[in-house]
Amino acid sequence: MTEIETKILKVLHILETKREKLSDEKFLEYCKVVKKNILKAFEERKLTKENAKLLLRRTNNLLELAEKKEEMKKIYRENLKICPECGMKNTKNANFCRYCGHRF
Ligand SMILES: [Zn+2]
């Protein structure tokens, strides 16, 4: 096993097991960095095609999860209306703030 492979495996393991310790943004960022490093190592022939494929599959699984979560957050944000009076979150189609009664 090459040095870079050991390093990538270590980071992947951290990303897979300690996900909750990272913010969503950091998690996504690290996944992208790992992916870039796998591709680079493969180009530099420090990884075999089979190993690169396996590592990429694991990284892509993590990336997919992270992106799905970001997407959900975006949808959630888009469906909210912030009350200018009290700053609380209301649903987009609300006519009145459900916290302070402010009319939108
Ligand atoms: Zn309000």
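Colleague: At what angle do α1 and α3 pack?
Modeller: In this predicted model, α1 and α3 pack at about 25 degrees, with their axes 11 Å apart. Axes are lines fitted to C-alpha atoms, for helices over the stretch in contact, and angles run from 0 to 180 degrees between N-to-C directions. Helices (H or I, at least four residues) and strands (E, at least two) are DSSP runs, numbered from the N terminus.

Colleague: So is α1 roughly parallel or antiparallel to α3?
Modeller: That angle makes α1 roughly parallel to α3. Angles under 35 degrees count as roughly parallel, over 145 as roughly antiparallel, 65 to 115 as roughly perpendicular and the rest as oblique.

Colleague: Which residues make that contact?
Modeller: From α1 you have E5, I8, L12, L15 and E16, and from α3 N51, L55, R58, T59 and L62. Contact here is C-beta atoms, placed from the backbone, within 7 Å. By class, the α1 contact with α3 has five nonpolar, two polar and three charged residues. Ala, Val, Leu, Ile, Met, Phe, Trp, Tyr, Cys and Pro count as nonpolar, Asp, Glu, Lys and Arg as charged, and the others, Gly among them, as polar.

Colleague: And how does α1 sit against α2?
Modeller: Helix α1 (residues 3–17) and α2 have axes that come within 11 Å and cross at roughly 160 degrees. That makes α1 roughly antiparallel to α2. The residues of α1 in this contact are I4, I8, V11, L12 and L15, and they meet F27, Y30, C31, V34, N37, I38 and A41 of α2.

Colleague: How many charged residues are in there?
Modeller: The contact of α1 with α2 has no charged residues, one polar and 11 nonpolar.

Colleague: What about α2 with α3?
Modeller: Helix α2 (residues 24–43) packs on helix α3 (residues 49–78) at about 155 degrees, with the axes 9 Å apart. The two are therefore roughly antiparallel. Their contact has 12 nonpolar, one polar and four charged residues. Among those in α2 are F27, L28 and K35, while α3 brings residues including L55, L62 and E70.

Colleague: Switching topic: where is R45?
Modeller: R45 is in the loop between α2 and α3. R45 has a positive phi of about 60 degrees, although it is not a glycine. Most residues other than glycine have a negative phi.

Colleague: Is R45 buried or exposed?
Modeller: R45 counts as exposed because it has 9 C-beta neighbours inside 10 Å. Buried takes 20 or more other C-beta atoms within 10 Å of a residue's own, exposed 12 or fewer, and partly exposed is in between, with C-beta atoms placed from the backbone.

Colleague: And K46, what does it touch?
Modeller: Leaving aside neighbours within four places in sequence, K46 is in contact with T2, I4 and A41. K46 also lies 9.1 Å from M1, C-alpha to C-alpha, though they are 45 residues apart in sequence. With 17 C-beta neighbours inside 10 Å, K46 counts as partly exposed.

Technical notes:
Residues are numbered from 1 along each chain as its sequence is written. This is a predicted model: local features need pLDDT of at least 70, side-chain atom pairs count only at pLDDT 80 or more; totals for chains, interfaces and linings use all residues. Two residues are in contact if their C-beta atoms, placed from the backbone, lie within 7 Å.
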